[in-house]
Amino acid sequence: MKETSARLLRLLGLLQVPREWTGTALAERLDVDVRTVRRDVEKLRSLGYPVTSTPGVTGGYKLGAGAQLPPLLLDDDEAVAVAVGLRTAAGGTVSGIEETSVRALAKLEQVLPNRLRRRVAALGAATATLGNRGPTVDADDLSALAAACRDHERLRFDYTTGNGETARRIVEPEGLVHTGRRWYLVAWDTDRADWRTFRVDRMTLKLPAGPRFTPREPPEGGAAAFAQRGISTGAYTYRARVRLQAPAEEVAEWVTPATGTVEPIDERSCMLETGANSLDALGVWMGAFGVDFEVLEPPELVEHLHVLAARFTRAATPDRTNGTFGQ
């Protein structure tokens with residue numbers, strides 16, 4: 001009996017790999033005959049595991065989706081990854097799942113072997129999470145958006161822009177993008193006949209979703225690349241293209257998806273596209289890279305760099321004789 005139970009667990013572990021197994025392949029892995037595999041598959045089905053089978057020489061067995069969630073088998077690294085993910089979700093940017101994440105984490109940690117519980121506890125003790133002060137999004141809204149993307153259904157929502165104006169939008173959703181701080185929806189705006197990026201926390205969904213649509217050719221580079229371009233430059237008053245005299249991989253360490261994009265020019269230089277709401281912020285950030293650079297656009301930034309240079313020169317050479325800064 002003990003041997004049979006152990007074999008069932010091994011069989012379940014094999015079936016949870018996303019592939020189709022032939023009866024012969026499973027028999028070889030379990031060191032039994034094909035008839036025993038068939039009996040064990042029936043036992044798993046009686047326990048609620050939806051094991052599908054395809055008849056024929058090329059047919060096989062595969063674990064499918066059922067009406068209820070059966071127990072899962074996780075290897076060591078998978079269990080630790082799930083535990084860390086649940087800890088992160090408990091204090092993340094999605095509202096409404098914090099308590100659920102804590103409950104799921106408690107259930108998982110209860111059955112973790114001591115060696116894995118120590119790994120998870122060490123990660124928790126050594127990691128501090130800064131409280132999220134930014135906007136959060138509702139878990140139900142994210143689920144509705146994801147379903148509309150999957151099923152190619154039009155969406156209606158009221159959208160509040162950065163200046164506080166609200167307007168009704170009708171879109172054909174392409175995909176969701178998460179930057180670590182915020183969630184964005186990339187979609188085809190039917191009124192503007194163009195691709196747009198929307199912050200999910202500024203959306204008020206009007207459900208149910210609308211009729212199905214025929215998917216369009218995605219924007220260049222896909223949803224993530226399109227969102228990055230819009231987030232890093234499109235949301236700001238000033239947009240800049242700057243040639244930096246440094247390798248792209250070195251500059252990329254300073255640039256997040258929300259602050260810009262970096263493309264290599266050659267081994268010693270790269271192109272940075274970024275944005276800001278003030279020329280002062282752009283100029284100071286360019287200087288913070290600590291390398292020579294050339295501003296290609298906008299021309300206003302080129303002129304403003306002279307203003308900043310004069311300001312820094314005065315700061316570096318104050319007139320100490322009368323306690324005022326040099327004029």
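Modeller: Let's start with Leu-72, which is exposed, with a relative accessible area of 55%. This is a predicted model, where local features need pLDDT of at least 70, side-chain atom pairs count only at pLDDT 80 or more, and totals for chains, interfaces and linings use all residues. Residues are numbered from 1 along each chain as its sequence is written, and side-chain values use heavy atoms, with hydrogens and water left out.

Biologist: Why is Leu-72 called exposed?

Modeller: Buried means under 20% relative accessible area, exposed over 50%, and partly exposed in between, with a 1.4 Å probe and protein chains only. Leu-72 has 55%, so the label is exposed.

Biologist: Now the rings. How many aromatic pairs are there?

Modeller: The count is 6 aromatic pairs. Rings of Phe, Tyr and Trp (its six-membered ring) pair if their centres lie within 6.5 Å; planes under 30 degrees apart are stacked, over 60 edge-to-face, and the rest tilted. One of the pairs joins Phe-157 and Phe-198, at 5.2 Å centre to centre with 80 degrees between the planes, and is edge-to-face.

Biologist: What does that pair tie together?

Modeller: Phe-157 is in strand β5 (residues 155-160) and Phe-198 in strand β8 (residues 194-199), so the pair links parts that are 41 residues apart in sequence.

Biologist: Why is the pair of Trp-285 and Phe-289 called tilted?

Modeller: Their centres are 5.1 Å apart and the planes stand at 50 degrees, so the pair is neither stacked nor edge-to-face but tilted.

Biologist: How do you know whether Phe-157 and Phe-198 are buried or exposed?

Modeller: Phe-157 has a relative accessible area of 0% and Phe-198 one of 2%. Both values are under 20%, so both residues count as buried. Phe-157 and Phe-198 also form one aromatic cluster with Tyr-159.

Methods. Helices (H or I, at least four residues) and strands (E, at least two) are DSSP runs, numbered from the N terminus.
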